[in-house]
Amino acid sequence: MGEYVARVKDMAGQDGTPSDVPDVLAPALRIVFVGINPGRMSAAARAHFANPRNDFWRLLHAAGLTSRLYEPLEQFTLIEEGIGITNAAYRTTPGSGDLRRADFAGSAERLERIARELRPGWLAFVGKEAYRGSFGTRPDLGLHERKLAEAKLFVLPSTSPANAAVPWEERLRWFRSLSKLSRASGS
């Protein structure tokens, strides 16, 4: 598929990604992961989940969602595996607790537009706060009845080092569930 970043309009209607970390998007992806927002390490690297203590990349591979372990700087290569990444909020902060409600303005509409225009099979929220920030409701982990366009929604535990209280095996169980469901549905 090569390197391709979709030019989806941002929340203000402008082209591109108004973020320190670019969206990794393309048409017809199997899964688009939705993080909460870029942290400082991700912003400095211009790569999603760049904190070496963040388990996102290891969980993707351990759950069978990718064919090998990727590094954050290889994020655009994920498109070849049918995977994309965006964030619910674009503003870089030291931690997600520093976000304000205004940081999520237009997030649900932008995700709806991504689902409608790019047609991913799944939108997988990496952490309950990414979902809550977008839709204003506190979600349960796992598959949701709600869809955006035809995209199914799934909420995963956060992979952030700040979520270390949730054991690796518990987080891996949810990533494996998403992997199994996404392959079973053919998307």
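**Notes on the predicted model**

1. Let's start at Arg173, which is partly exposed, with a relative accessible area of 45%. The scale used here calls a residue buried under 20% relative accessible area, exposed over 50% and partly exposed in between, with a 1.4 Å probe and protein chains only. Before going on, keep in mind that this is a predicted model: local features need pLDDT of at least 70, side-chain atom pairs count only at pLDDT 80 or more, and totals for chains, interfaces and linings use all residues. Numbering runs from 1 along each chain as its sequence is written, and side-chain values use heavy atoms, with hydrogens and water left out.

2. Arg173 has a salt-bridge partner in Glu170, at 3.0 Å from N to O. The term covers a side-chain nitrogen of Lys or Arg within 4 Å of a carboxyl oxygen of Asp or Glu. Both residues belong to helix α5, three residues apart, about one turn of the helix. Glu170 counts as partly exposed because its relative accessibility is 30%. As for the element names, helices (H or I, at least four residues) and strands (E, at least two) are DSSP runs numbered from the N terminus.

3. How many salt bridges does a search of the whole structure find? The count is six. One of them repeats the three-residue pattern in another helix: Arg132 and Glu129 both sit in α4, about one turn of the helix apart. Their closest N and O atoms are 3.3 Å apart. Arg132 is partly exposed at 34%, and Glu129 is partly exposed at 30%.

4. The Arg58–Asp55 salt bridge comes in at 2.7 Å, N to O. Which of the two ends is buried? Asp55 is, at 12% relative accessibility, while Arg58 is partly exposed at 33%. Asp55 and Arg58 also belong to a salt-bridge network that takes in Arg171.

5. The expected span of a helix is 1.5 Å times one less than its number of residues. For the 12 residues of α3 (residues 107-118) that gives 16 Å, and the end C-alpha atoms are 16 Å apart, so the two agree. Just past the helix, Arg119 adopts a positive phi of about 55°.

6. What is tucked away in α3? Its buried residues are Ser107, Ala108, Arg110, Leu111, Arg113, Ile114, Ala115 and Leu118; note the two arginines, Arg110 and Arg113, among them. The cover over these residues includes strands β1 (31-35), β2 (83-87), β3 (122-126), β4 (142-148) and β5 (151-156), along with helix α4 (128-135).

7. Strand β5 is mostly covered, with five of its six residues buried. β5 pairs with β3 in parallel through five bridges and with β4 in antiparallel fashion, also through five bridges; two strands pair if DSSP finds at least two bridges between them.

8. Neighbours within four places in sequence aside, Phe56 is in contact (heavy atoms within 4.5 Å) with Phe33, Phe49, Ile85, Val126, Thr159 and Phe175.

9. Buried or exposed: which is His48? It counts as buried, because its relative accessibility is 2%. His48 sits in the loop between α1 (40-45) and α2 (56-62). Its contacts beyond four places in sequence include Asp23, Ser42, Trp57, Gln75 and Asn87.

10. Last, the segment after α5 (168-184), where Ser185 lies. Ser185 is partly exposed at 36% relative accessibility. Gly121 is 64 residues away from Ser185 in sequence, with 8.4 Å between their C-alpha atoms. Leaving out residues up to four places away, Ser185 touches Trp122 and Lys152.
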